[in-house]
Amino acid sequence: MATKTQTFVEIYQADSWSDGTAPLEEIEAYVSAVEPKHCGKVIRQLSVLSPLVKLPEEEGQETGCTDFCLGHLKRVRRPASFVLSQDDADSKYVSSVASEQKSKSDSTSSNTSQSQIHQKSKKRRRSSNGEVDSDNTKKRPTLIEVVVGTTKRVDALLLQRKDDGSNPLQQMIDQYGLVLVKRMLPGRAAKSQSELDGWHARTSEEYVGVGWWPTIFFNKQTEEFREEERKLTKEELHQMEAGMKAAVADGKNARRIHLLEGGDTLNNTSCITVSGVAIVDPERGDVVSTSCQERKLQKEQLVALVSDAQTVGRSAVASNLPDRANPLCSSVILAIQGVSRRERSAAAGQGINSDEFKNGQYLCTGYDMYLTTEPDCFEAMAITHSRFRRVIYGIPNHVTGGLGGAGNATAVYSLPGTNHHYRVFQC
(Lines give C-alpha, C1' and ligand atoms only; values in the text may rest on other atoms or scores of the structure.)
Protein backbone atom coordinates (compact mmCIF):
# COMPACT_ATOMS: atom_id res chain seq x y z
CA MET A 1 0.00 0.00 0.00
CA ALA A 2 1.49 3.31 -1.06
CA THR A 3 1.90 5.96 1.60
CA LYS A 4 0.59 9.48 1.05
CA THR A 5 3.31 12.12 0.70
CA GLN A 6 2.89 15.40 2.54
CA THR A 7 2.63 18.54 0.40
CA PHE A 8 4.74 21.52 1.37
CA VAL A 9 3.90 24.88 -0.19
CA GLU A 10 6.36 27.74 0.13
CA ILE A 11 4.77 30.97 1.30
CA TYR A 12 5.81 34.11 -0.58
CA GLN A 13 4.91 37.66 0.19
CA ALA A 14 4.48 40.36 -2.45
CA ASP A 15 7.27 42.49 -0.99
CA SER A 16 9.75 39.60 -0.84
CA TRP A 17 10.12 38.86 -4.55
CA SER A 18 8.80 41.94 -6.30
CA ASP A 19 11.84 42.53 -8.51
CA GLY A 20 10.49 40.32 -11.30
CA THR A 21 7.70 42.82 -11.98
CA ALA A 22 9.72 46.00 -11.54
CA PRO A 23 8.76 48.54 -14.21
CA LEU A 24 11.36 49.35 -16.83
CA GLU A 25 12.59 52.92 -17.07
CA GLU A 26 14.57 54.04 -20.10
CA ILE A 27 17.52 56.43 -19.82
CA GLU A 28 18.53 58.87 -22.53
CA ALA A 29 22.25 58.60 -23.17
CA TYR A 30 24.87 59.53 -25.74
CA VAL A 31 26.56 56.78 -27.76
CA SER A 32 29.19 57.12 -30.45
CA ALA A 33 30.88 55.04 -33.11
CA VAL A 34 34.59 54.41 -32.56
CA GLU A 35 37.21 52.89 -34.80
CA PRO A 36 38.50 49.63 -33.31
CA LYS A 37 42.09 50.88 -33.19
CA HIS A 38 41.02 53.77 -30.93
CA CYS A 39 38.56 51.80 -28.80
CA GLY A 40 40.93 50.99 -25.92
CA LYS A 41 42.12 54.57 -25.53
CA VAL A 42 38.57 55.95 -25.69
CA ILE A 43 37.34 53.53 -23.03
CA ARG A 44 40.19 54.39 -20.67
CA GLN A 45 39.56 58.12 -20.99
CA LEU A 46 35.79 57.73 -20.61
CA SER A 47 36.30 55.66 -17.46
CA VAL A 48 37.91 58.73 -15.92
CA LEU A 49 35.85 61.50 -17.51
CA SER A 50 32.42 59.84 -17.54
CA PRO A 51 32.29 56.63 -15.50
CA LEU A 52 29.19 54.49 -15.81
CA VAL A 53 28.98 53.78 -12.08
CA LYS A 54 28.18 56.23 -9.32
CA LEU A 55 31.29 57.84 -7.86
CA PRO A 56 31.84 57.84 -4.07
CA GLU A 57 32.01 61.62 -3.92
CA GLU A 58 28.61 61.80 -5.66
CA GLU A 59 26.80 59.63 -3.12
CA GLY A 60 25.58 62.68 -1.19
CA GLN A 61 24.32 64.59 -4.20
CA GLU A 62 20.60 65.13 -4.53
CA THR A 63 20.63 64.21 -8.20
CA GLY A 64 18.88 60.89 -8.77
CA CYS A 65 21.02 57.87 -9.55
CA THR A 66 19.31 57.41 -12.92
CA ASP A 67 20.83 60.74 -14.00
CA PHE A 68 24.30 59.24 -14.21
CA CYS A 69 24.37 55.63 -13.00
CA LEU A 70 24.73 53.25 -15.95
CA GLY A 71 26.70 50.54 -14.19
CA HIS A 72 24.33 47.84 -15.47
CA LEU A 73 25.28 48.57 -19.11
CA LYS A 74 28.24 47.27 -21.04
CA ARG A 75 30.44 50.13 -22.19
CA VAL A 76 31.09 48.70 -25.67
CA ARG A 77 29.15 46.75 -28.24
CA ARG A 78 29.69 45.70 -31.85
CA PRO A 79 26.36 46.30 -33.61
CA ALA A 80 25.06 44.15 -36.46
CA SER A 81 24.41 47.37 -38.38
CA PHE A 82 25.24 50.90 -37.39
CA VAL A 83 22.46 53.47 -37.59
CA LEU A 84 22.89 57.12 -36.65
CA SER A 85 19.86 59.28 -35.92
CA GLN A 86 21.47 62.70 -36.43
CA ASP A 87 21.60 64.11 -39.93
CA ASP A 88 25.18 65.32 -39.73
CA ALA A 89 26.37 62.04 -38.27
CA ASP A 90 24.42 60.08 -40.86
CA SER A 91 25.84 62.06 -43.76
CA LYS A 92 29.36 61.66 -42.39
CA TYR A 93 28.87 57.93 -42.10
CA VAL A 94 27.28 57.50 -45.55
CA SER A 95 29.84 59.66 -47.37
CA SER A 96 32.68 57.76 -45.74
CA VAL A 97 31.26 54.45 -46.87
CA ALA A 98 30.50 55.72 -50.35
CA SER A 99 34.04 57.04 -50.93
CA GLU A 100 35.61 53.84 -49.67
CA GLN A 101 33.36 51.71 -51.86
CA LYS A 102 34.04 53.90 -54.93
CA SER A 103 37.78 53.68 -54.40
CA LYS A 104 37.57 49.94 -54.04
CA SER A 105 35.37 49.64 -57.14
CA ASP A 106 37.90 51.55 -59.29
CA SER A 107 40.71 49.43 -58.00
CA THR A 108 38.79 46.27 -58.69
CA SER A 109 37.89 47.22 -62.29
CA SER A 110 41.51 48.10 -63.14
CA ASN A 111 42.72 44.72 -61.95
CA THR A 112 39.96 42.54 -63.40
CA SER A 113 42.29 40.19 -65.22
CA GLN A 114 44.50 39.63 -62.17
CA SER A 115 41.40 39.08 -60.04
CA GLN A 116 40.20 36.32 -62.40
CA ILE A 117 43.59 34.57 -62.42
CA HIS A 118 43.85 34.44 -58.63
CA GLN A 119 40.12 33.95 -57.90
CA LYS A 120 40.57 30.48 -56.37
CA SER A 121 43.39 31.52 -54.07
CA LYS A 122 41.52 34.36 -52.41
CA LYS A 123 40.24 33.90 -48.87
CA ARG A 124 37.94 35.83 -46.66
CA ARG A 125 39.84 38.43 -44.66
CA ARG A 126 39.03 41.07 -42.05
CA SER A 127 40.99 44.31 -42.09
CA SER A 128 41.40 46.65 -39.16
CA ASN A 129 38.79 49.07 -40.49
CA GLY A 130 36.31 46.85 -42.28
CA GLU A 131 35.13 43.45 -43.48
CA VAL A 132 36.15 41.88 -46.77
CA ASP A 133 34.12 39.18 -48.50
CA SER A 134 35.38 36.37 -50.76
CA ASP A 135 35.50 38.75 -53.72
CA ASN A 136 37.65 41.17 -51.73
CA THR A 137 34.91 43.79 -51.89
CA LYS A 138 34.37 45.91 -48.82
CA LYS A 139 30.87 45.41 -47.41
CA ARG A 140 30.80 47.93 -44.52
CA PRO A 141 33.18 49.52 -42.04
CA THR A 142 33.69 47.57 -38.81
CA LEU A 143 32.73 50.13 -36.19
CA ILE A 144 32.29 49.77 -32.46
CA GLU A 145 29.75 51.68 -30.40
CA VAL A 146 30.52 52.99 -26.93
CA VAL A 147 28.33 54.54 -24.25
CA VAL A 148 29.62 58.02 -23.47
CA GLY A 149 27.17 58.74 -20.63
CA THR A 150 23.69 60.04 -19.93
CA THR A 151 22.73 63.15 -21.85
CA LYS A 152 22.35 65.11 -18.61
CA ARG A 153 25.80 64.16 -17.38
CA VAL A 154 27.59 64.62 -20.72
CA ASP A 155 25.94 68.00 -21.37
CA ALA A 156 27.09 69.12 -17.92
CA LEU A 157 30.64 67.88 -18.54
CA LEU A 158 30.84 69.72 -21.86
CA LEU A 159 30.09 73.01 -20.08
CA GLN A 160 32.94 72.59 -17.61
CA ARG A 161 36.27 74.31 -18.27
CA LYS A 162 39.74 74.04 -16.80
CA ASP A 163 41.77 77.08 -15.78
CA ASP A 164 43.21 77.27 -19.30
CA GLY A 165 39.71 77.17 -20.82
CA SER A 166 40.01 73.65 -22.21
CA ASN A 167 37.44 70.90 -21.87
CA PRO A 168 38.86 67.33 -21.54
CA LEU A 169 35.75 65.60 -22.87
CA GLN A 170 35.50 67.89 -25.89
CA GLN A 171 39.20 67.36 -26.59
CA MET A 172 38.71 63.59 -26.59
CA ILE A 173 35.68 63.89 -28.88
CA ASP A 174 37.66 65.99 -31.35
CA GLN A 175 40.76 63.78 -31.12
CA TYR A 176 38.97 60.56 -32.04
CA GLY A 177 36.23 62.04 -34.22
CA LEU A 178 33.37 60.93 -32.00
CA VAL A 179 29.82 61.80 -33.04
CA LEU A 180 27.44 61.86 -30.08
CA VAL A 181 24.07 60.32 -30.86
CA LYS A 182 21.15 60.23 -28.42
CA ARG A 183 19.82 56.78 -27.67
CA MET A 184 17.25 55.46 -25.19
CA LEU A 185 18.91 52.71 -23.15
CA PRO A 186 17.59 50.32 -20.48
CA GLY A 187 17.50 51.96 -17.04
CA ARG A 188 18.19 48.75 -15.10
CA ALA A 189 19.58 45.26 -15.52
CA ALA A 190 17.32 42.52 -16.82
CA LYS A 191 15.46 40.61 -14.11
CA SER A 192 15.16 37.34 -16.01
CA GLN A 193 16.59 35.51 -18.99
CA SER A 194 13.34 35.92 -20.90
CA GLU A 195 13.39 39.67 -20.33
CA LEU A 196 17.02 39.83 -21.46
CA ASP A 197 16.19 37.92 -24.65
CA GLY A 198 13.38 40.38 -25.33
CA TRP A 199 15.76 43.30 -24.95
CA HIS A 200 18.26 41.80 -27.39
CA ALA A 201 15.53 41.35 -30.00
CA ARG A 202 14.06 44.79 -29.43
CA THR A 203 13.88 47.06 -32.47
CA SER A 204 12.00 50.18 -33.34
CA GLU A 205 11.53 52.51 -36.29
CA GLU A 206 14.43 54.59 -35.02
CA TYR A 207 16.84 51.67 -34.54
CA VAL A 208 15.81 49.22 -37.26
CA GLY A 209 18.09 46.18 -37.12
CA VAL A 210 20.14 47.61 -34.27
CA GLY A 211 18.39 46.09 -31.28
CA TRP A 212 18.85 47.34 -27.73
CA TRP A 213 22.02 47.88 -25.76
CA PRO A 214 23.50 44.83 -23.96
CA THR A 215 23.33 44.89 -20.17
CA ILE A 216 25.32 43.12 -17.49
CA PHE A 217 23.18 40.13 -16.58
CA PHE A 218 23.38 38.61 -13.08
CA ASN A 219 21.73 35.23 -13.45
CA LYS A 220 22.08 34.38 -9.73
CA GLN A 221 20.03 37.44 -8.85
CA THR A 222 17.09 36.52 -11.08
CA GLU A 223 13.85 35.01 -9.85
CA GLU A 224 14.31 32.16 -12.33
CA PHE A 225 17.59 31.16 -10.67
CA ARG A 226 16.09 31.55 -7.20
CA GLU A 227 13.15 29.36 -8.15
CA GLU A 228 15.49 26.66 -9.40
CA GLU A 229 17.60 26.90 -6.26
CA ARG A 230 14.51 26.68 -4.04
CA LYS A 231 13.34 23.38 -5.44
CA LEU A 232 13.15 20.72 -2.73
CA THR A 233 14.86 17.37 -3.19
CA LYS A 234 13.30 14.05 -2.22
CA GLU A 235 15.63 13.85 0.77
CA GLU A 236 14.51 17.29 1.95
CA LEU A 237 10.84 16.35 1.56
CA HIS A 238 11.32 13.17 3.60
CA GLN A 239 13.16 15.15 6.28
CA MET A 240 10.39 17.75 6.38
CA GLU A 241 7.77 15.03 6.77
CA ALA A 242 9.71 13.59 9.71
CA GLY A 243 10.05 17.08 11.23
CA MET A 244 6.30 17.72 11.02
CA LYS A 245 5.60 14.34 12.64
CA ALA A 246 7.92 15.35 15.51
CA ALA A 247 6.03 18.65 15.90
CA VAL A 248 2.66 16.88 15.93
CA ALA A 249 3.93 14.42 18.55
CA ASP A 250 5.21 17.34 20.64
CA GLY A 251 1.83 19.07 20.35
CA LYS A 252 0.01 15.96 21.57
CA ASN A 253 2.46 15.61 24.45
CA ALA A 254 2.07 19.29 25.39
CA ARG A 255 -1.72 18.96 25.40
CA ARG A 256 -1.49 15.94 27.67
CA ILE A 257 0.80 17.77 30.11
CA HIS A 258 -1.55 20.75 30.31
CA LEU A 259 -4.55 18.49 30.85
CA LEU A 260 -2.83 16.67 33.72
CA GLU A 261 -1.52 19.86 35.29
CA GLY A 262 -4.82 21.69 35.04
CA GLY A 263 -6.86 18.74 36.30
CA ASP A 264 -9.09 18.84 33.20
CA THR A 265 -10.59 15.73 31.70
CA LEU A 266 -10.66 14.74 28.07
CA ASN A 267 -14.32 15.86 27.94
CA ASN A 268 -13.33 19.47 28.69
CA THR A 269 -10.47 20.26 26.32
CA SER A 270 -11.85 23.16 24.26
CA CYS A 271 -9.68 25.70 26.09
CA ILE A 272 -6.43 23.78 25.58
CA THR A 273 -4.62 25.18 22.50
CA VAL A 274 -0.91 24.42 22.78
CA SER A 275 1.28 24.38 19.67
CA GLY A 276 3.74 21.59 19.08
CA VAL A 277 7.27 22.71 18.16
CA ALA A 278 10.31 20.73 17.06
CA ILE A 279 13.72 22.16 16.09
CA VAL A 280 15.73 20.02 13.66
CA ASP A 281 19.36 20.11 12.55
CA PRO A 282 19.00 19.48 8.77
CA GLU A 283 22.62 18.37 8.36
CA ARG A 284 22.20 15.48 10.77
CA GLY A 285 18.45 15.08 10.63
CA ASP A 286 18.31 15.09 14.45
CA VAL A 287 15.65 16.75 16.59
CA VAL A 288 17.66 19.26 18.62
CA SER A 289 14.88 20.51 20.88
CA THR A 290 11.14 20.34 21.46
CA SER A 291 8.90 22.52 23.58
CA CYS A 292 7.95 19.61 25.87
CA GLN A 293 11.55 18.72 26.64
CA GLU A 294 12.20 22.24 27.91
CA ARG A 295 8.76 22.46 29.52
CA LYS A 296 9.52 19.42 31.70
CA LEU A 297 12.93 20.77 32.72
CA GLN A 298 11.54 24.20 33.64
CA LYS A 299 8.63 22.55 35.46
CA GLU A 300 11.13 20.77 37.71
CA GLN A 301 12.78 24.13 38.46
CA LEU A 302 9.39 25.71 39.25
CA VAL A 303 8.48 22.85 41.56
CA ALA A 304 11.72 23.43 43.43
CA LEU A 305 10.93 27.15 43.67
CA VAL A 306 7.46 26.42 45.02
CA SER A 307 8.91 24.09 47.62
CA ASP A 308 11.48 26.67 48.71
CA ALA A 309 8.83 29.42 48.86
CA GLN A 310 6.54 27.32 51.01
CA THR A 311 9.42 26.51 53.36
CA VAL A 312 10.07 30.18 54.15
CA GLY A 313 6.39 31.13 54.04
CA ARG A 314 6.45 33.19 50.82
CA SER A 315 3.89 33.11 48.04
CA ALA A 316 4.67 30.80 45.14
CA VAL A 317 3.96 30.95 41.41
CA ALA A 318 0.42 30.21 40.26
CA SER A 319 1.36 27.13 38.20
CA ASN A 320 4.11 24.58 37.86
CA LEU A 321 4.08 24.95 34.07
CA PRO A 322 6.37 27.67 32.64
CA ASP A 323 3.95 28.73 29.91
CA ARG A 324 1.23 29.24 32.54
CA ALA A 325 3.47 30.98 35.03
CA ASN A 326 4.94 33.28 32.35
CA PRO A 327 2.63 34.60 29.57
CA LEU A 328 5.64 35.21 27.27
CA CYS A 329 6.84 31.61 27.60
CA SER A 330 5.13 30.05 24.57
CA SER A 331 5.96 26.74 22.90
CA VAL A 332 8.24 28.49 20.37
CA ILE A 333 10.17 30.28 23.12
CA LEU A 334 10.47 27.06 25.11
CA ALA A 335 11.92 25.18 22.13
CA ILE A 336 14.46 27.98 21.49
CA GLN A 337 15.37 27.99 25.19
CA GLY A 338 15.96 24.26 24.86
CA VAL A 339 18.61 24.97 22.21
CA SER A 340 20.10 27.62 24.49
CA ARG A 341 20.28 25.12 27.35
CA ARG A 342 22.05 22.65 25.09
CA GLU A 343 24.56 25.25 23.89
CA ARG A 344 25.29 26.41 27.44
CA SER A 345 25.88 22.85 28.53
CA ALA A 346 28.32 22.25 25.66
CA ALA A 347 30.22 25.51 26.37
CA ALA A 348 30.36 25.09 30.14
CA GLY A 349 33.96 25.27 31.29
CA GLN A 350 35.31 25.78 27.74
CA GLY A 351 35.95 29.52 27.99
CA ILE A 352 34.71 32.50 26.00
CA ASN A 353 37.14 31.88 23.11
CA SER A 354 36.13 28.25 22.59
CA ASP A 355 34.29 27.06 19.49
CA GLU A 356 31.50 25.73 21.68
CA PHE A 357 30.89 29.20 23.08
CA LYS A 358 31.14 30.97 19.70
CA ASN A 359 28.69 28.53 18.08
CA GLY A 360 26.05 29.61 20.55
CA GLN A 361 26.15 33.33 19.69
CA TYR A 362 23.26 32.85 17.27
CA LEU A 363 21.47 29.91 18.80
CA CYS A 364 19.67 28.31 15.86
CA THR A 365 21.75 29.24 12.81
CA GLY A 366 21.01 26.75 10.03
CA TYR A 367 18.27 24.95 11.98
CA ASP A 368 14.69 24.29 10.83
CA MET A 369 11.64 24.85 13.03
CA TYR A 370 8.47 22.78 12.66
CA LEU A 371 5.20 23.95 14.23
CA THR A 372 1.68 22.59 14.25
CA THR A 373 0.28 26.15 14.07
CA GLU A 374 1.59 29.40 12.59
CA PRO A 375 3.57 31.48 15.12
CA ASP A 376 2.37 34.96 16.09
CA CYS A 377 4.37 38.14 15.44
CA PHE A 378 6.17 37.94 18.78
CA GLU A 379 7.28 34.36 18.09
CA ALA A 380 8.11 35.09 14.44
CA MET A 381 10.50 37.87 15.52
CA ALA A 382 12.13 35.51 18.04
CA ILE A 383 12.62 33.05 15.16
CA THR A 384 14.26 35.82 13.12
CA HIS A 385 16.67 36.74 15.92
CA SER A 386 17.60 33.08 16.37
CA ARG A 387 18.65 32.81 12.68
CA PHE A 388 16.56 29.84 11.63
CA ARG A 389 16.98 28.56 8.08
CA ARG A 390 13.40 27.42 7.46
CA VAL A 391 10.05 27.47 9.26
CA ILE A 392 7.42 24.85 8.44
CA TYR A 393 3.95 25.04 9.99
CA GLY A 394 0.61 23.31 9.60
CA ILE A 395 -2.43 25.42 10.60
CA PRO A 396 -2.46 29.13 9.62
CA ASN A 397 -3.25 31.78 12.22
CA HIS A 398 -5.56 34.34 10.59
CA VAL A 399 -5.82 36.49 13.73
CA THR A 400 -2.27 37.03 15.04
CA GLY A 401 -0.18 35.07 12.55
CA GLY A 402 3.33 36.45 12.10
CA LEU A 403 4.14 34.70 8.80
CA GLY A 404 1.42 36.28 6.67
CA GLY A 405 -1.64 34.45 8.00
CA ALA A 406 -3.02 37.74 9.35
CA GLY A 407 -1.94 39.71 6.24
CA ASN A 408 1.22 40.83 4.45
CA ALA A 409 1.84 43.61 6.98
CA THR A 410 2.52 41.01 9.69
CA ALA A 411 4.75 38.73 7.58
CA VAL A 412 7.82 39.29 9.77
CA TYR A 413 10.18 37.14 7.71
CA SER A 414 9.72 39.30 4.59
CA LEU A 415 9.92 42.76 6.15
CA PRO A 416 12.73 44.73 4.45
CA GLY A 417 13.97 46.18 7.74
CA THR A 418 14.84 42.83 9.32
CA ASN A 419 18.45 41.64 9.26
CA HIS A 420 17.65 37.99 8.59
CA HIS A 421 15.20 36.23 6.30
CA TYR A 422 14.15 32.61 6.25
CA ARG A 423 12.05 30.42 4.01
CA VAL A 424 8.51 29.57 5.13
CA PHE A 425 6.48 26.50 4.16
CA GLN A 426 2.97 25.39 5.02
CA CYS A 427 2.15 21.72 5.24
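Q298 touches P322, C329, L334, Q337 and R341, not counting residues up to four places away in sequence; contact here means heavy atoms within 4.5 Å. The model is predicted, so local features need pLDDT of at least 70 and side-chain atom pairs count only at pLDDT 80 or more, while totals for chains, interfaces and linings use all residues. Residues are numbered from 1 along each chain as its sequence is written, and side-chain values use heavy atoms, with hydrogens and water left out.

Q298 lies in helix 9, residues 291-312. Helices (H or I, at least four residues) and strands (E, at least two) are DSSP runs, numbered from the N terminus. Q298 is buried, with a relative accessible area of 12%. Buried means under 20% relative accessible area, exposed over 50%, and partly exposed in between, with a 1.4 Å probe and protein chains only.

The protein chain contains 13 helices and 12 strands. Of its 427 residues, 39% are buried. Contacts between residues at least 6 apart in sequence were also computed for the protein chain. Of these, 69% join residues at least 24 apart.

Six strands form an open sheet with mixed pairing, in the order 1-12-11-10-8-9. Its edge strands are strand 1 (9-10) and strand 9 (286-290), and each pairs on one side only. Two strands pair if DSSP finds at least two bridges between them. Strand 10 pairs with strand 11 in the parallel sense, over five bridges. Strand 10 also pairs with strand 8, here in the antiparallel sense and over four bridges. Y370 of strand 10 stands opposite A278. Y370 also has a bridge partner in strand 11, I392. Further along, T373 stands opposite I395 in strand 11. Strand 10 is largely enclosed by the rest of the structure, because five of its six residues are buried. In a regular strand the side chains alternate between the two faces of the sheet.

G243 is found in helix 8, residues 234-262. G243 counts as buried, at 4% relative accessibility. Leaving aside neighbours within four places in sequence, G243 is in contact with A278, V280 and Y370. The C-alpha atoms of G243 and V287 are separated by 7.8 Å. Along the chain, G243 and V287 are 44 residues apart.

The largest nonpolar core has 25 residues. Such a core is a set of buried Ala, Val, Leu, Ile, Met, Phe, Trp, Tyr and Cys residues joined through side-chain atoms within 4.5 Å. I279, M369, F388, L403 and Y422 have the most contacts inside this core. The elements that give two or more residues to the core are strand 8 (277-281), helix 11 (331-347), strand 10 (368-373), helix 13 (377-385) and strand 11 (390-395). Helix 11 gives the most, with five residues. Another core, of 16 residues, lies apart from this one and has V34, C39, V148 and L169 among its members.

R387 is found in the loop between helix 13 and strand 11. R387 is buried, with a relative accessible area of 14%. Phi of R387 is near 70 degrees, a positive value in a residue other than glycine.

Helix 5 (residues 168-176) takes part in two helix contacts. Axes are lines fitted to C-alpha atoms, for helices over the stretch in contact, and angles run from 0 to 180 degrees between N-to-C directions. Angles under 35 degrees count as roughly parallel, over 145 as roughly antiparallel, 65 to 115 as roughly perpendicular and the rest as oblique. V154, L157 and L158 of helix 4 meet L169, Q170 and I173 of helix 5. These residues divide into five nonpolar, one polar and no charged. Ala, Val, Leu, Ile, Met, Phe, Trp, Tyr, Cys and Pro count as nonpolar, Asp, Glu, Lys and Arg as charged, and the others, Gly among them, as polar.

The second contact is with helix 1 (residues 36-49), which packs against helix 5 at an angle of about 170 degrees, with the axes 11 Å apart. Helix 1 and helix 5 are therefore roughly antiparallel to each other. Helix 1 contributes H38, K41, V42, Q45, L46 and L49, and helix 5 contributes P168, L169, M172, Q175 and Y176. By class, this contact has seven nonpolar, three polar and one charged residues.
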